[in-house]
Amino acid sequence: MKKILFLCIAMISLSCSKNDDDQPQKIKVIDTIKLEITDNNGTELYELKYEYDDQKLISKIDFLDNGEIDNAIDLEYDNGVPKSCNDGLRKFVFEGEILKKLEIVDTDITCTFTFDQPTKTYTSTCEHYFAINTLWDITTKPYYTNILDYSYDDTGKKGPFYNLPNKNFMSATIQALRFANNKMFFQSIYPVNGYFDNNNAVFIPFTNQYDTDGFVIQSDFMDNNNSTNYTISYTYKNI
């Protein structure tokens with residue numbers, strides 16, 4: 001009788017263990033990025049909100065301006081590679097992990113990209129200009145009439161896109177769309193530690209805070225005149 005009881009317990013334990021193994025592993029992903037800008041005139045608040053599909057890929061990003069939705073993109077993929085957004089009105093063409101084209105269907109415009117491998121710089125027929133590093137993060141991009149060079153000193157920490165299954169494609173995709181491009185959002189794989197302001201030839205350092213998993217949760221910095229304070233807050237969720 002005892003042998004039968006032990007056998008039943010063993011079978012139940014094995015079944016439970018198998019069920020646990022069948023459960024999909026959850027990953028930690030970015031939920032919201034909030035940008036708070038404070039100067040003598042008051043405070044402005046901007047926000048990015050993220051939604052995901054069943055492959056744990058970003059399916060939608062909402063851009064909120066002081067609490068009101070200002071813009072949004074819906075993304076679709078082919079085996080993890082960005083295929084289109086905005087109901088097919090924007091289409092992407094990649095060769096490997098390099099972006100080659102952005103087709104803007106509703107205006108019949110095609111932006112053809114050139115990627116310079118030595119400098120890892122993208123340019124396009126639509127006047128795009130940005131550079132990436134070997135870790136697929138943006139390192140150089142326009143900001144109004146300025147050019148900013150981002151610094152990534154601590155790759156032992158994690159940025160908002162760190163756990164994305166297709167993270168190697170996302171920096172170039174979002175930059176090509178120029179989505180929320182004129183705000184200080186850092187949608188990166190690793191945390192940005194500061195940037196070099198080319199117009200004023202000055203480096204702006206960040207004070208970063210991290211959670212116990214090593215993900216950046218807050219970045220604070222001031223502009224080169226010390227007149228405007230920026231606080232970027234990152235909130236994550238498990239999916």
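Which residues in H2 are buried? In H2, the buried residues are Phe 169, Met 170, Ser 171, Ala 172, Thr 173, Ile 174, Gln 175, Ala 176 and Leu 177. Welcome to this structure, which is a predicted model. The helix is a handy place to start, as H2 gives residues to the lining of the largest cavity and also to the lining of the largest pocket.

**Helix H2**

- H2 is mostly covered, with nine of its eleven residues buried.
- Helix H2 spans residues 167-177, and just after H2 comes Arg 178, which takes a positive phi of about 55°.
- Gln 175, one of the buried residues of H2, is also among the residues that lie nearest the centre of the largest cavity.
- Ala 176 and Leu 177 are buried in H2 as well, and both are among the residues nearest the centre of the largest pocket.

**Cavities**

- The structure holds two cavities of 30 Å³ or more.
- The largest cavity has a volume of about 200 Å³, and 17 residues line it.
- Nearest the centre of the largest cavity lie Ile 138, Lys 141, Gln 175, Phe 185 and Gln 187.
- Strand S11 (138-143) and helix H2 (167-177) are the elements that give two or more residues to the lining of the largest cavity.
- H2 gives the most to that lining, with three residues.
- Sorted by class, the lining of the largest cavity has nine nonpolar, five polar and three charged residues.
- The second largest cavity has a volume of about 40 Å³.
- Around the second largest cavity stand Pro 160, Phe 186, Ser 188, Pro 191, Val 192, Phe 206, Val 216, Ser 219 and Tyr 234.
- The lining of the second largest cavity divides into seven nonpolar and two polar residues, with no charged residues.

**The largest pocket**

- The largest pocket has a volume of about 160 Å³, and its lining is made of 14 residues.
- Arg 90, Leu 102, Ala 176, Leu 177 and Arg 178 lie nearest the centre of the largest pocket.
- Strand S4 (68-78), strand S7 (98-104) and H2 each supply at least two residues of this lining.
- By class, the pocket lining has nine nonpolar, three polar and two charged residues.

**Aromatic rings**

- Across the whole structure, a search finds 19 aromatic pairs.
- One of them joins Tyr 195 and Phe 206 edge-to-face, at 6.0 Å centre to centre and with 80° between the planes.
- This pair links distant parts of the chain, eleven residues apart: Tyr 195 is in strand S13 (residues 194-197), while Phe 206 is in the loop between strand S14 (202-205) and strand S15 (207-210).
- Both Tyr 195 and Phe 206 are buried.
- Tyr 195 also forms an edge-to-face pair with Phe 221, at 5.8 Å centre to centre and with 90° between the planes.
- Phe 221 is buried, as is Tyr 195.
- Tyr 150, Phe 186, Tyr 195, Phe 206, Phe 221 and Tyr 230 form one aromatic cluster.
- Phe 186 and Phe 206 from this cluster are also among the residues that line the second largest cavity.

**Charges over rings**

- The charged end of Lys 157 sits over the ring of Tyr 210, 5.1 Å from its centre.
- Lys 167 lies over the face of Tyr 162, at 4.6 Å from the ring centre.

**Two residues in the strands**

- Lys 34 is found in strand S1 (residues 28-39), and Lys 34 counts as partly exposed because its relative accessible area is 35%.
- Beyond its neighbours within four places in sequence, Lys 34 is in contact with Leu 45, Tyr 46, Glu 47, Thr 231, Ile 232 and Ser 233.
- The C-alpha atoms of Lys 34 and Tyr 46 are separated by 5.8 Å, although these residues are twelve residues apart along the chain.
- Tyr 52 lies in strand S2 (residues 42-52), and Tyr 52 counts as buried because its relative accessibility is 15%.
- Leaving out neighbours within four places in sequence, Tyr 52 is in contact with Val 29, Ile 30, Leu 57, Ile 58, Ser 59, Leu 164, Lys 237 and Ile 239.
- The C-alpha atoms of Tyr 52 and Pro 118, 66 residues apart along the chain, are separated by 34 Å.

Methods
Residues numbered from 1 in each chain as written. Predicted model: local features only at pLDDT ≥ 70, side-chain atom pairs only at ≥ 80, totals over all residues. Heavy atoms only, no water. 1 Å grid on protein atoms, 1.4 Å probe; cavity = no way out; pocket = protein on both sides within 12 Å on 5 of 7 lines; lining within 4 Å. Points joined across faces, edges and corners; volume = space filled by probe spheres on them. Helix = DSSP H or I, 4+ residues; strand = E, 2+ residues; numbered from the N terminus. Nonpolar A, V, L, I, M, F, W, Y, C, P; charged D, E, K, R; others polar. Phe/Tyr/Trp six-rings, centres within 6.5 Å; stacked < 30°, edge-to-face > 60°. Buried < 20%, exposed > 50% of the residue type's maximum accessible area, 1.4 Å probe, protein only. Lys NZ or Arg CZ within 6 Å of the ring centre and 35° of its normal. Contact = heavy atoms within 4.5 Å.
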